Amino acid sequence: MSAGDPLTLYDAVLSSRLLLGTARYPSPAILAEAIKASGCEVVTVSLRREAGGSRAGESFWRLIRDLGVRVLPNTAGCRTAKEAIATAQMAREVFGTNWIKLEVIGEEDTLQPDVFGLVEAARALSDEDFRVFPYTTDDLVVAERLLDAGCRVLMPWAAPIGSGRGINNAFGLRALRAHFPGVPLIVDAGLGAPSHAAAVMELGYDAALLNTAVALAGDPVSMARAFALSVEAGRKGYLARPMTPRDFAEPSTPVIGHAFDESA
Amino acid sequence: MRLDPFYLIVDDASWLPKLLPIGVRFVQLRIKDRDESDIRWQARLARDLCKACGAQLVVNDYWRIAIDEKCDFVHLGQSDLDAADIQALRAHGVRFGVSTHDDAELHRALSLAPDYIALGPIYPTLLKQMAFAPQGLEKIGIWKKRIGETPLVAIGGLTPERARAVLEAGADSACVVTDILRSEDPEARTREWIEATQDWRDRSLAR
């Protein structure tokens with residue numbers, strides 16, 4: 001992404017608008033290559049999954065550290081505000097960052113956020129000086145509550161985690177964007193193909209966060225690059241202000257006069 | 001000093017991010033058959049995780065690591081007592097607990113003025129072949145009378161229901177390994193343990 005269009009998330013100024021998760025890759029080497037190919041500067045890590053006191057856990061963390069990317073620990077797997085708060089506190093201790101991707105899961109089949117627990121935990125953590133990145137739905141009122149609670153970034157879903165369905169509710173995402181023009185909005189979860197990422201960026205979203213779409217692709221490294229390009233394409237398209245769609249054709253090649261409009 | 005009435009033993013630090021957030025406050029890291037650098041790394045990680053959650057960490061056996069890594073406690077079996085430097089532990093503010101199974105072991109433990117005494121196995125245990133028959137609940141009252149103010153930990157074959165029984169019988173804390181770590185759903189089982197011991201936690205806060 002161009003140097004002239006930085007993304008500010010709390011205290012960080014970033015040039016990449018793609019954030020990647022680090023779970024489910026075929027191997028640590030592929031994970032590392034995919035992150036490099038994507039050019040992403042922020043990766044999410046799960047303390048609950050990766051703590052592995054064993055050597056595997058240790059080498060995972062060393063690998064992430066060596067990549068020189070910023071770490072966004074998450075509270076994946078937490079089902080109550082209390083669990084999420086304790087996990088966040090552990091993550092701060094272990095990873096040395098006050099950034100936290102806050103997930104409070106309310107329903108097992110859809111992994112839908114428990115937005116009540118989410119708001120509660122977001123408030124408690126913001127009060128403890130955490131920088132909270134809440135994984136939420138596209139509900140506008142919940143978004144308001146999260147901002148009241150101290151969040152300065154919102155991360156609504158496109159579709160359920162790992163579903164790869166793309167945007168389920170374009171109307172809802174568009175309404176959020178229109179309602180919170182100054183708040184960084186990151187689509188988190190549900191993207192499956194690069195075109196989905198381009199679509200959310202064209203809606204004016206500030207960034208996209210994904211994991212499964214890259215990790216479970218046939219070629220994760222190429223897919224990571226593809227997502228990076230599509231995020232950039234979508235962003236540039238949004239900034240360039242797309243033309244207004246019409247119901248009828250309009251010839252793109254003038255049948256008379258000049259190819260360029262000289263009336264001005 | 002009061003111990004939390006629920007004392008969890010884990011065999012790997014990777015359990016902690018899952019189980020600490022549920023409300024575990026007193027946890028022992030007991031790792032066997034790993035090289036010392038791995039155990040040290042795990043102890044350091046466990047210490048940080050426990051600190052963040054307001055839990056106390058007990059390192060089993062490796063008393064030098066407990067000192068170096070500034071852990072809260074070390075747990076010593078009778079066979080560890082010969083090698084452990086009790087004076088060094090005290091000098092560094094590392095508290096220690098000692099396992100006991102019979103009168104002779106209790107005498108020896110009491111002579112060291114430990115920070116808790118463990119009695120086991122209360123019930124038959126699945127985890128290891130024990131040289132001692134199950135002690136039964138009556139022994140808890142006898143032990144408690146003899147050790148006075150020193151906190152008593154009961155271990156061996158416990159479940160949430162049995163935990164209530166041992167606490168009722170006079171133990172200060174009920175210790176568990178298998179019932180949680182080999183459970184189908186360790187997180188749910190941990191919740192049951194915390195609920196089963198909540199009355200004693202409330203009482204100890206009230207004091």
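How many positive and negative side chains does chain A have, and how far apart do the centres of the two sets lie? That was my opening look-up in this predicted model. I found 25 positive and 31 negative side chains in chain A, with the two centres 4 Å apart.

**Overall build**

Next I went through the secondary structure and noted ten helices and twelve strands in chain A. The radius of gyration came out at 20 Å, close to the 18 Å that the globule rule gives for 264 residues, so chain A is as compact as a globular protein of that length. Along the principal axes, I get a box of roughly 75 × 40 × 35 Å for the C-alpha atoms.

**Burial, contacts and surface**

I then checked burial: 53% of the 264 residues in chain A are buried. Taking the contacts with a separation of 6 or more, I see that 65% are between residues 24 or more positions apart. For the accessible surface of chain A I noted about 12,200 Å², and carbon and sulfur atoms hold 53% of that.

**A closer look at β3(A)**

Which residues cover the two sides of strand β3? I followed residues 18-21 and found L18(A) and L20(A) on one side, L19(A) and G21(A) on the other, all buried. A handy reminder to myself: side chains in a regular strand alternate between the two faces of the sheet.

Then I looked up the strand's partners. β3(A) pairs with β12(A), residues 207-210, in the parallel sense over three bridges, and here L20(A) stands opposite L210(A). β3(A) also runs parallel to β4(A), residues 42-46, joined by three bridges. In that pairing I noted L19(A) opposite V42(A).

Notes. Residues are numbered from 1 along each chain as its sequence is written. Chains are lettered from A and ligands numbered from 1 in the order in which they are written. This is a predicted model: local features need pLDDT of at least 70, side-chain atom pairs count only at pLDDT 80 or more; totals for chains, interfaces and linings use all residues. Side-chain values use heavy atoms; hydrogens and water are left out. Helices (H or I, at least four residues) and strands (E, at least two) are DSSP runs, numbered from the N terminus. The radius of gyration is taken over C-alpha atoms; the globule rule is 2.2 Å times the number of residues to the power 0.38. Buried means under 20% relative accessible area, exposed over 50%, partly exposed in between (1.4 Å probe, protein chains only). Contact means heavy atoms within 4.5 Å. Accessible areas come from the Shrake-Rupley method with a 1.4 Å probe; for residues, only the protein chains shown count as cover. Lys and Arg count as positive and Asp and Glu as negative; His and the chain ends are not counted. The place of a charge is taken as NZ of Lys, CZ of Arg, CG of Asp or CD of Glu. Two strands pair if DSSP finds at least two bridges between them.
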